[in-house]
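Here is a report on one protein chain. Look at the sequence and the model, then read on.

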Amino acid sequence: MMAGVLLGLAVGAVLGLTGAGGGIFAVPALVFGLEMEIRQAAPLALLAVGAAAGLGALQGLRQGVVRYRAAVMLALAGALTAPLGVMLAHRLPAAWLSVLFAAIMLVVACRMYRSSRAVASQPGETAPRACRISAQTGRFVWTPRTAATLGGIGLVSGLFTGMLGVGGGFIIVPALAHFSELRMQSIVATSLMVIALLSAVTVSIAWGQGMAMGAPAWAFLVAAVAGMGAGRLVSNRIPAAALQQLFALACVAVAAMMVWRSF
C-alpha cells in the first residue's frame, strides 16, 4: 500500500510540473513498484494520470489558460484511434510493448533535453506556426490548416494512449510547442485537459474488458491526484531548463530498466 502511495505522489508531481511526463513514469512505476505486467499497468496508469490531469485542467480553466476548443478537437481525434491502440496492446507480445515503451521514453528524453537547451539559450524570433494565435483574444485563429494540424496530433496521441497507457502528453506538449504560438502555460493546461478526456475514453474500454483494481492501485490513484496538485503549486518556482534536463535523465534511466526487464 505504501509503495502505491509513494509512487502515485511522484507520478502526480511529475505530471503537474511538466504536463507531459505522468504517463511516461506511471507505467514503469506500476511495472516495477507493484510488479504488474505492462498490459495491466497501462489502463491503471491512465486512470491515475487521467484523474490527476482532470484536476490540473480544472485549475487551468479557472485561470483561463486552457484552449478548450482545441482540447476537445484533439480528444475527439484521439478517441478515434484509442480503440485501435487498445487492440494492438492485447495482440502484441509484452516484450515488444516494453521495448516500444522504452524507445518512446528515449525520444521524449531527447526532445526534453533539446527543449531545455532552447530555453536556456532563449532564441529570438521563430518562423510562423501552423496554428496561429490571435493577438487580441489569445485564442487560436481557426483555419483548415489549424484544424488538420490539431486533428493529426490527436490521432497520433490517441493511438499511443490506447496502446501504451502514456496519456498522450508526451506527444501533445512538444507538438503544440512546435506547431502553435501558445505559451507554455497554456500548452500544459490544454494538454492536461486532452489527457483527462482521452484517458476517460481508454479506461472505459479497458473497464469493459474486465479491468480490476486492488487496494494498492486505488492508493496509487489517490496519491497521484494529490501529487498533481502539489506539482502545479510549485511548477512556476523551478527553472524550466533544469526541470527538463532532470526529466530527460530520468527517462533514459527508466527506459534502460524497461529493456532490461523485458529480456
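## A report on the helices

Over residues 68-88 the chain is 100% helix and 0% strand, with the end C-alpha atoms 30 Å apart. Residues 94-113 are also 100% helix and 0% strand, and there the end C-alpha atoms lie 29 Å apart. Helices here are DSSP runs of H or I with at least four residues, strands are runs of E with at least two, and both are numbered from the N terminus.

This is a predicted model, in which local features need pLDDT of at least 70 and side-chain atom pairs count only at pLDDT 80 or more, while totals for chains, interfaces and linings use all residues. Residues are numbered from 1 along each chain as its sequence is written, and side-chain values use heavy atoms, without hydrogens and water.

**The whole chain**

How many helices and strands are there in the protein chain? There are ten helices and zero strands. Of the 263 residues, 51% count as buried. Buried means under 20% relative accessible area, exposed means over 50%, and partly exposed lies in between (1.4 Å probe, protein chains only). The chain exposes about 12,300 Å², and carbon and sulfur atoms supply 66% of that area. Accessible areas come from the Shrake-Rupley method with a 1.4 Å probe; for residues, only the protein chains shown count as cover.

Residues 24 or more positions apart account for 81% of them. A contact means heavy atoms within 4.5 Å.

An unreviewed UniProt entry annotates "transmembrane region" at residues 43-61, 68-88, 94-113, 147-175, 187-208, 215-234 and 240-260. UniProt positions follow the numbering used here, feature names are shortened, and annotations may be inferred rather than shown by experiment.

Helix 3 covers residues 38-63, which makes 26 residues. From its first C-alpha to its last it reaches 36 Å, close to the 38 Å expected at 1.5 Å a residue. The expected span is 1.5 Å times one less than the number of residues. Val-49 lies in helix 3. Just after this helix, Gly-64 takes a positive phi of about 75°.

Helix 9 has 20 residues (215-234) and should span 28 Å at 1.5 Å a residue; its end C-alpha atoms are 29 Å apart, so the two values agree. Its buried residues include Phe-220, Leu-221, Met-228 and Arg-232.

| Pair | Apart in sequence | C-alpha to C-alpha |
|---|---|---|
| Val-49 and Phe-25 | 24 residues | 10.0 Å |
| Arg-139 and Arg-67 | 72 residues | 6.8 Å |
| Ala-256 and Val-99 | 157 residues | 9.5 Å |

Is Val-49 buried or exposed? Val-49 counts as buried because its relative accessibility is 3%. Ala-256 lies in helix 10 (residues 240-262). At 48% relative accessibility, Ala-256 counts as partly exposed.

Arg-139 is in the loop between helix 5 (94-121) and helix 6 (144-164). Its relative accessible area is 33%, so Arg-139 is partly exposed. Leaving out residues up to four places away in sequence, Arg-139 touches Arg-67, Tyr-68, Arg-69, Arg-132, Ile-133 and Ser-134.

**A detail in helix 1**

Leu-9 is found in helix 1 (residues 2-18). With a relative accessible area of 36%, Leu-9 is partly exposed.
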